[in-house]
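Work through the exercises below with the sequence and the model at hand. Each task is followed by a solution in steps.

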Amino acid sequence: MHRFTKAVSSRRAFLASTGAAALLAGTGFTLPASAQAGPREFRLRAASGKARLVPAPYPDTAVWSFNDSVPGPEIRVRQGERVRVLVENALAEETTVHWHGLRVTNAMDGVPHLTQRPIAPGETFTYEFDALDAGTFWYHPHQRGFEQVGRGLYGPLIIEEAEPVEVDREVTWVLDDWRLLKDASISNDFGNMMDTGMAGRIGNTVTVNGRVPETFVVRSGERIRLRLINAANARIFGLEFAGHRPQIVALDGQPVEPHAPDGNRLVLGPAMRADVIIDMTGDPGTRFQVTDAFYQRLEYRLLDLVYADTALRDRPMDAPIALPANPLTEPDPAVSERHAVRFGGGMMGGGMGGGMMGRMMPGMRHEGVWDINGVAARGHVMDPMLTLTQDRSYILELTNDTAWHHPIHLHGHSFRVLTRNGAPTRFREWQDTVLMRPRERVEIAFVADNPGDWMFHCHILEHQAGGMMGVIRVASSA
Ligand code: C2O
Ligand code: CU
């Protein structure tokens, strides 16, 4: 597989201009007047287009994107606002948009056939929801996600706190991983059996905000709030900021007690987000590497932090970094009903019957390779694996019976991660996507306070397509 090396690229600072303004530039994305009453209105148009993912001499890459931009435009609103998004489908196939991590009403969740009729080519669908929780979220199609997201359909969705923490600069990095051919075109082998049964579609070109990054310019003394979003189909990131001590202040949009990542490596599975506060403690004119060291022996340099020649201030800012809590309902451990959920399948799982080989049949592309509680999903409409009662507390005991990592996502709710392999987690973090290691056991707890049929699936999109998906029904008490 060809790898796009940094050597071919110019030393231009692609990331010197990030943030909303840069993302909005040239996207035809209009912000409504702030004084306007009623919902904040946005328009997204899904269509095929071109993007300059890799620098010259490579050509542009044919992509599918929102508003002709990869990532799609940043949707940014204030907590408590109502949001309306008109999604026009200019693709040649059906689509939907899912607002990942947002606790929307079920009909607005963007799951084809389960919560809505898919948006046909040429049609427009209007989504409307309240921005309940402040934080870092994102949006992407839920129809054939392994190809639609993989070709570039995704974008950041930021909900600002009423009183954000004080920083010098706020930056969003949407990370993606592409499998490109030598002519910089996207490899068409979506959904192949090898990717599906193993680690998913791992690519050869990592982008930050749709570009192969080179440098990111910072200033001594600067405090940055970095919002990281993993939009890759399958790649797990393990970011290390040489010479720096990033503090995690939110995971999957939800505030967490500020802390340094374990071993100073920030691990982010597909669909997961982290907000980190980084004090730029280097000297003017110096340079530090940001590396991704998640996969053993496949470590690479993501980009360099490059210090400008003049300092912003002499010593780091002295201001609290903890974020205000979101209005989540605390699960009651005393009345929690427990359910066991087992994730199975894939290659090298041990045991032919439970492994993929036993399920492979001629002509079958990628279905039925993975399962939850023994059931492999074939599409989004299925009998609920669990039926929960609205407003009751639940603990799910998740067991990864496979040889692979799985980032497991629940729609419509955030949950607390209570234990890993029986040991309590340090921060009981709220997440909407929990990364499970091979063979790991994880307990999560939440209040089933959002009625409807909600997807519960692996966010390695090839695993999802291969069957690792279920429906959890929250039966309305009304
Ligand atoms: Cu990010 Cu079911 O999706
Ligand atoms: Cu998986």
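**Exercise 1: aromatic pairs**

Trp173 and Phe216 are both buried, where buried means under 20% relative accessible area, exposed over 50% and partly exposed in between (1.4 Å probe, protein chains only). The model is a predicted one, in which local features need pLDDT of at least 70, side-chain atom pairs count only at pLDDT 80 or more, and totals for chains, interfaces and linings use all residues. Residues are numbered from 1 along each chain as its sequence is written, chains are lettered from A and ligands numbered from 1 in the order in which they are written, and side-chain values use heavy atoms, with hydrogens and water left out.

Task: classify the pair formed by the rings of Trp99 and Tyr127, and state which strands hold the two residues.

Solution. 
1. Rings of Phe, Tyr and Trp (its six-membered ring) pair if their centres lie within 6.5 Å; planes under 30 degrees apart count as stacked, over 60 as edge-to-face and the rest as tilted.
2. The structure holds nine aromatic pairs.
3. In one of them, the ring centres of Trp99 and Tyr127 are 5.3 Å apart and the planes stand at 75 degrees, so this pair is edge-to-face.
4. Trp99 belongs to strand E5 (residues 98-100) and Tyr127 to strand E6 (residues 124-130), so the pair ties together parts 28 residues apart in sequence. Strands (E, at least two residues) are DSSP runs, numbered from the N terminus.
5. Both Trp99 and Tyr127 are buried.
6. Trp173 and Phe216 also form an edge-to-face pair, at 5.4 Å centre to centre and 85 degrees between the planes. That pair links strand E9 (residues 169-178), which holds Trp173, with strand E11 (residues 215-218), which holds Phe216, and the two residues are 43 apart.
7. One aromatic cluster is formed by Phe66, Trp99, Phe125, Tyr127, Phe129 and Tyr139.

**Exercise 2: charges over rings**

Task: find the rings over which Arg151 and Arg201 lie.

Solution. 
1. A charge sits over a ring if NZ of Lys or CZ of Arg is within 6 Å of the ring centre and within 35 degrees of the ring normal.
2. Arg151 places its charged end over the ring of Trp64, 5.1 Å from the centre.
3. Arg201 lies over the face of Phe190, 3.8 Å from the ring centre.

**Exercise 3: the copper site**

Task: which residues coordinate the copper ion (ligand 2)?

Solution. 
1. Donors are N, O and S atoms within 2.8 Å of the metal (3.2 Å for Na, K and Ca); water is not among the atoms, so sites may look incomplete.
2. The copper ion (ligand 2) is coordinated by ND1 of His406, SG of Cys458 and ND1 of His463, at 2.0 to 2.1 Å.
3. Along the sequence these donor residues follow the spacing H-x51-C-x4-H.
4. Cys458 has 0% relative accessibility and therefore counts as buried. His463 is buried too, with a relative accessible area of 0%.

Definitions and conventions
Helices (H or I, at least four residues) and strands (E, at least two) are DSSP runs, numbered from the N terminus.
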